[in-house]
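Walk through the model below with the viewer open.

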Amino acid sequence: MTPTVSASGLCLRYGGTRALDDVSLRLTQGVTGLLGPNGAGKTTLLRVLATAVPADQGAFTVLGQDPGTARGRQEVRRRLGYLPQTPGFHPDFTAFEFVDYVAILKELTDRGARHREVRRVLDEVDLSDVRGKRIKKLSGGMRQRVALAAALVGDPGFLVLDEPTVGLDPEQRMRFRELIARAGEGRTVLLSTHQTEDVAMLCHRVVVMAAGAVRFDGTPAELTARAAGRVWSSTERDPGAKAGWRTGLGAFRNVGDPPPGADLLEPTLEDGYLLTLDGAGTEVAV
Amino acid sequence: MTWHVSEEDLRAYARGELAPPVLWSADTHVTACARCRAVLAEVGDPVALDAAWERLDAKLDAPRPGFFEGLLLRLGVAGHTARLLAATPALRGSWLGAVVAVLMMSVVAAYAGRTTASPTLFLALAPLLPLAGVALSYGPALDPTYEMAVVSPMHGFRLLMIRTVAVIVASLGLDGLATLALPGYGLRALAWLLPALALTTTGLALSARLGPVLAPSVVGGGWALLLVAAHASADGGTLAPFTAAGQGVAAAVAALAAALLFLVRDRFDLFNGSAA
């Protein structure tokens with residue numbers, strides 16, 4: 001299958017920080033999850049792939065276009081949907097007006113065609129009923145759906161979503177996941193998230209980043225399999241574990257190299273993720 | 001029901017070709033008669049019906065332009081451009097109100113201290129207003145949709161220029177009205193115009209490298225230092241930037257900065273802010 005995104009050797013520095021360190025990846029149709037702790041470089045990678053920020057080194061193509069040239073960048077942007085980490089809204093706009101505004105930025109200048117498209121995408125995210133409501137009066141989950149609707153304007157072939165489920169309550173999160181799954185049908189979606197549940201439920205593929213580099217690139221099942229035989233239960237915190245935490249039942253769940261005779265548990269995606277981050281620092285010590 | 005609308009009339013009704021008063025009669029009857037509604041559904045053209053629903057739908061949720069957007073539309077500005085301008089922070093009432101307040105204070109100060117050859121405070125403040133207005137019109141700190149806008153196919157420089165022109169027109173218009181309140185100074189009261197253009201274009205050109213907050217701050221600070229230095233050497237006369245020579249320098253700076261801005265225009269097409 002021809003990849004929607006093909007990147008090799010992407011590097012980017014901010015001052016003394018290496019935000020991207022030789023990142024290579026290929027994205028195909030479906031939802032790919034991008035996991036990593038804070039500061040891992042996820043947002044930077046998304047901004048580079050969304051053509052907002054140029055990389056210092058490396059090359060990539062999106063939908064066959066080279067964003068390194070002004071013409072290529074514009075062609076990519078015509079087929080790109082982008083939902084930033086903290087989407088901003090003009091507070092006095094209604095949901096319809098806001099998406100209409102974004103549609104103008106996406107070069108839909110014919111009023112009739114633009115309004116049809118706005119109605120289509122608001123319908124796609126189940127917001128038709130509140131399209132006339134001011135955004136400041138909508139709930140957090142609804143605002144996030146308005147932002148998703150804006151990203152879907154023009155039926156983009158490549159959709160970039162930066163932590164869209166952050167701050168949503170469980171019900172809203174489930175609803176948003178359904179929308180992402182729907183959006184992933186027939187297009188390529190790159191979903192940055194902290195939540196392994198998002199990846200488990202939505203993604204056919206997962207990329208784990210830490211300290212600007214790709215630590216894992218494979219299927220969720222392969223990431224889970226990394227923890228096979230390396231998760232065990234104990235009544236006290238095991239000092240030999242790379243990470244350990246008390247579960248709801250009171251016992252400790254440990255990941256790492258189990259001691260002889262340990263009570264091994266079935267691994268989860270989260271266990272595989274934690275073990276992959278081992279040595280990368282930030283969130284392993286629980 | 002003792003009577004029903006004929007099928008022929010229902011067909012004309014569905015096509016929107018039934019004329020009053022038969023139309024009024026049919027309208028009232030169809031509302032109350034299930035049988036005629038059923039016949040109407042059969043004889044109506046589904047494509048035309050869908051189109052009618054869509055027209056109605058569009059009418060209902062088409063954004064009603066606010067005061068400012070409506071004003072732009074009446075002035076002949078294209079609908080999509082008016083909407084882009086309606087989202088410009090520096091064209092909101094709060095900002096324009098602050099500009100009017102500053103100008104009124106400087107005009108009052110000019111009247112209170114009419115001992116010099118030119119209204120110095122007014123001339124010093126007026127050029128800063130378009131600079132600040134343009135700075136408030138774009139960038140990640142002040143435009144809530146900046147990140148979405150920067151990856152949109154509309155070139156960032158084009159959006160910037162659309163907003164800049166509108167802000168400059170609004171700011172210069174208010175500056176001009178304030179100038180009319182100082183008729184005693186004659187043309188000397190217009191000496192803010194060229195420095196205003198010089199500061200605004202320099203601020204924009206530098207923001208490509210320094211960012212939309214630091215660049216106008218540097219330019220504004222430079223303007224303040226220049227005025228302090230000019231005041232120290234003016235010996236009670238007109239400050240150097242407001243003399244004929246100073247105006248010439250301002251015009252040259254504005255032209256050079258405009259050329260530089262054009263050269264660096266592609267930088268506005270990329271994200272200008274901190275990344276996580």
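In this predicted model, start inside chain B, where α2(B) touches α3(B). H29(B), V30(B), T31(B) and A32(B) come from α2(B). Their partners in α3(B) are A34(B), C36(B), R37(B) and L40(B). Sorted by class, this contact holds five nonpolar, two polar and one charged residues.

Now look at how the two helices are set. Helix α2 of chain B spans residues 22–32, and helix α3 of chain B spans residues 34–43. They pack at an angle of about 105 degrees. Their axes are 6 Å apart. Angles of 65 to 115 degrees count as roughly perpendicular, so α2(B) is roughly perpendicular to α3(B).

The loop between α1 (7–15) and α2 of chain B contains P21(B). What is the peptide bond from P20(B) to P21(B), cis or trans? That bond is cis, with omega near 5 degrees. Most peptide bonds are trans.

Next, turn to the interface. Here 39 residues of chain A are in contact with 31 residues of chain B. The size of an interface is often given as the accessible area lost when the parts come together. Between chain A and chain B, the buried area is about 3,400 Å². Carbon and sulfur atoms give 60% of that area.

Five salt bridges link chain A and chain B. One salt bridge to display joins the side chains of R47(A) and E147(B), at 2.8 Å from N to O.

Which elements of chain A each supply at least two residues of the side that touches chain B? They are α1 (42–49), α2 (70–78), β5 (80–83), α3 (95–105) and α4 (111–124) of chain A. The largest share comes from α3(A), with eight residues. By class, the side of chain A that touches chain B has 18 nonpolar, eight polar and 13 charged residues.

Finish with a backbone detail in chain A. D126(A) sits in the loop between α4 and α5 (140–152) of chain A. Phi of D126(A) is near 60 degrees, a positive value in a residue other than glycine. Most residues other than glycine have a negative phi.

Notes. Residues are numbered from 1 along each chain as its sequence is written. Chains are lettered from A and ligands numbered from 1 in the order in which they are written. This is a predicted model: local features need pLDDT of at least 70, side-chain atom pairs count only at pLDDT 80 or more; totals for chains, interfaces and linings use all residues. Side-chain values use heavy atoms; hydrogens and water are left out. Contact means heavy atoms within 4.5 Å. Buried area is the accessible area (1.4 Å probe) that two parts lose on being put together, summed over both. A salt bridge is a side-chain nitrogen of Lys or Arg within 4 Å of a carboxyl oxygen of Asp or Glu. Helices (H or I, at least four residues) and strands (E, at least two) are DSSP runs, numbered from the N terminus. Ala, Val, Leu, Ile, Met, Phe, Trp, Tyr, Cys and Pro count as nonpolar, Asp, Glu, Lys and Arg as charged, and the others, Gly among them, as polar. Axes are lines fitted to C-alpha atoms, for helices over the stretch in contact, and angles run from 0 to 180 degrees between N-to-C directions. Angles under 35 degrees count as roughly parallel, over 145 as roughly antiparallel, 65 to 115 as roughly perpendicular and the rest as oblique.
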